[in-house]
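Hello,

Here is the structure I promised to pass on to you. Have a look at it first, and then read on for what turned up.

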Amino acid sequence: MSRSVFSEPYEVLLQALIEGRRAAGLRQIDLAERLGKPQSFVSKFENGERRLDVVEFLVIAKIIGLDPHALIDRLSGLLKPGTRI
């Protein structure tokens, strides 16, 4: 059985960003162009090869139409003392 290197909250974050991008009708290349980054940037963070910092998260959330505050609240509910990051 393989185990993710990321915590459950981080997996939820990634899935929400992927679903949000798709719901916005954006391909990875479309999001990358709006970010001024190569498509590989989007691919790497969606696949968990690269972590996002908070500013990157906020910009991406706004571009794809997600409320970053609501997503943070959702993730916060998953955090328990001792949650591994």
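Does Arg 34 count as buried or exposed, and at what relative accessibility? Please keep in mind that this is a predicted model. Arg 34 sits in helix H2, and its relative accessibility is 54%, which is over the 50% cut-off, so Arg 34 counts as exposed. Even so, Arg 34 has contacts beyond its neighbours within four places in sequence, namely with Leu 26 and Ile 63. Gly 20 lies 14 residues from Arg 34 along the chain, and the C-alpha atoms of the two are separated by 15 Å.

On the H1 side, the residues involved are Leu 13, Leu 17, Gly 20 and Arg 21, and they meet Phe 57, Ile 60 and Ile 64 of H4. Sorted by class, this contact consists of five nonpolar residues, one polar and one charged.

Helix H3, residues 39-46, is worth a look too. Its buried residues are Phe 41, Val 42, Ser 43, Phe 45 and Glu 46. They pack against H1, H4 and helix H2, which spans 28-35.

Searching the whole structure gives one aromatic pair. The ring centres of Phe 41 and Phe 45 are 5.7 Å apart and the ring planes stand at 70 degrees, so this pair is edge-to-face; the cut-off for that label is over 60 degrees. Phe 41 and Phe 45 are four residues apart in H3, which puts about one helical turn between them. In an α-helix there are 3.6 residues a turn, so residues three or four places apart point the same way. Both Phe 41 and Phe 45 are buried.

Finally, a word on the annotation. An unreviewed UniProt entry gives "domain: HTH cro/C1-type" for residues 17-71. In the model, that span is 69% helix and 0% strand, and its end C-alpha atoms lie 10 Å apart.

Notes:
Residues numbered from 1 in each chain as written. Predicted model: local features only at pLDDT ≥ 70, side-chain atom pairs only at ≥ 80, totals over all residues. Heavy atoms only, no water. Contact = heavy atoms within 4.5 Å. Helix = DSSP H or I, 4+ residues; strand = E, 2+ residues; numbered from the N terminus. Nonpolar A, V, L, I, M, F, W, Y, C, P; charged D, E, K, R; others polar. Buried < 20%, exposed > 50% of the residue type's maximum accessible area, 1.4 Å probe, protein only. UniProt positions renumbered as here; feature names shortened; annotations may be inferred. Phe/Tyr/Trp six-rings, centres within 6.5 Å; stacked < 30°, edge-to-face > 60°.
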